[in-house]
Each structure stands twice: as C-alpha cells, then as structure tokens.
Amino acid sequence: RSQGRVYFSDDREFLSFSRVWIHTAHLPIAVIVPATAHDVEMAINVLRDRDIPFRIRSGGHHKLGYSTIRNGVVLNLSELNKVEFLDDTKNVVRLGPAVTSAHFYQQLTKTTNMAAVTGFCGRVAESGFVLGGGFGLLSRRYGLGLDNVISFQIVLANGTMIHAATDDDLDWALRGAGSGSFGVVTSMDYKVYATSKILPFVSVVLPDRNMRADFLYELPKTSPNVVAMYNMKDRINIMWSGSTDAEALYGETYLKNLVVDWVANASYVQSTMTWDDLYGDQSIVPKNGWGESVYAAACWTGFLMPINHTKAI
C-alpha cells in the first residue's frame, strides 16, 4: 500500500510540489510525491505500464529546468530527505535523494562537527548534485561528490530496487552521468569529515581586473584547504576550511600572507564565517549584483584536470 500522494493542477498543494527553480519552466499535468522507496517502485511500475512520460525531481534546482516536464508527470522525491548515521565513528551517513546542502549541514552540526562535499547553494539536493558529478566547497580536499559515494540504492526501469554497489557497471555509470537515465536513486551512503566550526574568509579587491586570470591561475597551487567562491567582477572571495579549529586559525594567517605575497597594492577584508552563515537562512533572496557573479571563477575546477589549467583558459 502506498503512503505517497498525487497532486493535480486543481489541488491547492500542486504548485509547491511542481514548481522548480526556473519559474518559467513548464508545469506537469500531475505530481507524484512518494513517501518511501517502496512508493517509488510502485510509481515506476504505474508510469511504465501506462507509458506516461515523467521526470525525476529531487531539489528542482536544475538550471535548464530538466526536473519538470510538459504533458507528463513529475516524480517529486522531496519527502525522501532523511539523514542517518550508519556507523559508530559517524563517518558515513545515508542520505535521501532530496536532502539539500542546507538540511544536510543542519543535521550534521546538531550532534557533530562534521561536514561533507555538497553544493555551493543550500537549496541544491544531494542526489542531483552527486549524479551530475558534484563540485563543492570541500572538493579540493575530498574530491567530487561522486568520489564520496559508497553505494547507491536505485529503482530501475523494470520497477525493481537494487544496491548499485552490487553491479559494478551501474555503480560506475551513476557517478557523474546525471539526467536520471539509469533509474531513480532512493538513497546514498556518503562520506562525511571532521570540520572546524569557523571558516576564515578573505575578500580581495585587485588593483587591476586584468590580474584576475593570473590570480586564479595561481590559486590551485595553494593548500587544498583554500577554495575560491562567489566571485564578483571587482573582487575574489576565498575561503579556508580546516578539520579542527586550530587548523582554521592557521588558515587566517595563511590567507593574509597569500594575498600580501601575491598582489602588490591589493586591498582585502579578512573575516570568519561559520557553516550557518553559508547554509543557515535559506529564505534570503539573492542580493542585487548576484547576477554579476563570475560563475566560472566561483566554480573553478582547473586543478582537477591540470592539462586544462592554463592562463589562456
């Protein structure tokens, strides 16, 4: 027996379960909201047997709107959002596909000083993030999201649920392929890591914008604790993450010396953040100027593929 729900366009809750990040995206004719992994199995069987086109939505944050569909059904996984520790050392958690970056950190910090590789934005859901590869704030230290998955639980197109770790080809295919082509992920076992409570931060204003490329070219050569984030046209923002508070305090000195040693006449503002500052209040509307963010710099991954890490790029 299903514990999930189905919403149609005349239902009061329809918009809240069908709307995605791109508000101009097409709305479906109905939304299925499974409450359990078993509900997902049932939904897949019904959709397949009736040849109904559908899309999978975990967070609905896809920037091209692929998590919705016109003249079809959205399988909304938002109720599958639990975080569960699996071992005594608290180094592995089981995540529902709709666990967002913000919810993940809130659950981790309630009882532990742990962090994980998640999206920059607190509204990004972990399954979409990982299935697309997953570059996050801690990726320089711990790799991509896909590197941190221990195993997937997935419902295949024939309606059966399996653990992808028992199928080497499927497990490999899920890591970075994206788009939900191979089935519906209903949970992931995921690595987490000790972290400091504070995050040293420096905002650097370069004396000449033409210096940006050279600055970013040098950045991947620094400590893996350093990451560029949320860069605007007139400044580069850099964060340090440490495993302990002592390591974080060392990062304050490291960031200051980095700026002073690299750039003559650069001005900078040094401060500290917490994970709450990054993922606390997700109701905040983006400030004016958000659209000027230099996205390629904010998510610079040249260090992952050194052959592509050139000044020209």
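The text below takes the strands, then a helix and a loop residue, then the aromatic rings.

The model is predicted. Strand β5 (residues 83–85) runs antiparallel to strand β6 (residues 92–95), and three bridges join them. Within this pairing, Glu84 has Arg94 of β6 as its bridge partner. The two strands form a hairpin with six residues between them. In the turn, Lys90 has a positive phi of about 60°.

Strand β6 also pairs with strand β10 (residues 184–191), in the antiparallel sense and over four bridges. Here Arg94 stands opposite Asp189 in β10.

Helix α2 (residues 37–49) has 13 residues. From its first C-alpha to its last it reaches 19 Å, close to the 18 Å expected at 1.5 Å a residue. Its buried residues are Ala37, Asp39, Val40, Glu41, Ala43, Ile44 and Leu47. An α-helix has 3.6 residues a turn, so residues three or four places apart point the same way. What covers the buried residues of α2 includes strands β2 (30–33), β3 (54–57), β4 (73–76), β8 (149–155), β9 (161–163) and β10. Just after the helix, Asp51 takes a positive phi of about 55°.

Phe135 lies in the loop between α4 (126–131) and α5 (139–142). Is Phe135 buried or exposed? Its relative accessible area is 14%, so Phe135 counts as buried, the cut-off being under 20%. Phe135 is 17 residues from Thr118 in sequence, and their C-alpha atoms are 7.4 Å apart in space.

Eleven aromatic pairs are found in a search of the whole structure.

| Ring pair | Centre distance | Plane angle | Class |
|---|---|---|---|
| Phe104 and Tyr105 | 6.4 Å | 40° | tilted |
| Tyr105 and Tyr279 | 4.7 Å | 10° | stacked |

One aromatic cluster is formed by Phe104, Tyr105, Tyr190, Trp275 and Tyr279.

Notes
Residues numbered from 1 in each chain as written. Predicted model: local features only at pLDDT ≥ 70, side-chain atom pairs only at ≥ 80, totals over all residues. Heavy atoms only, no water. Pairing = 2+ DSSP bridges. Expected span 1.5 Å × (residues − 1). Buried < 20%, exposed > 50% of the residue type's maximum accessible area, 1.4 Å probe, protein only. Contact = heavy atoms within 4.5 Å. Phe/Tyr/Trp six-rings, centres within 6.5 Å; stacked < 30°, edge-to-face > 60°.
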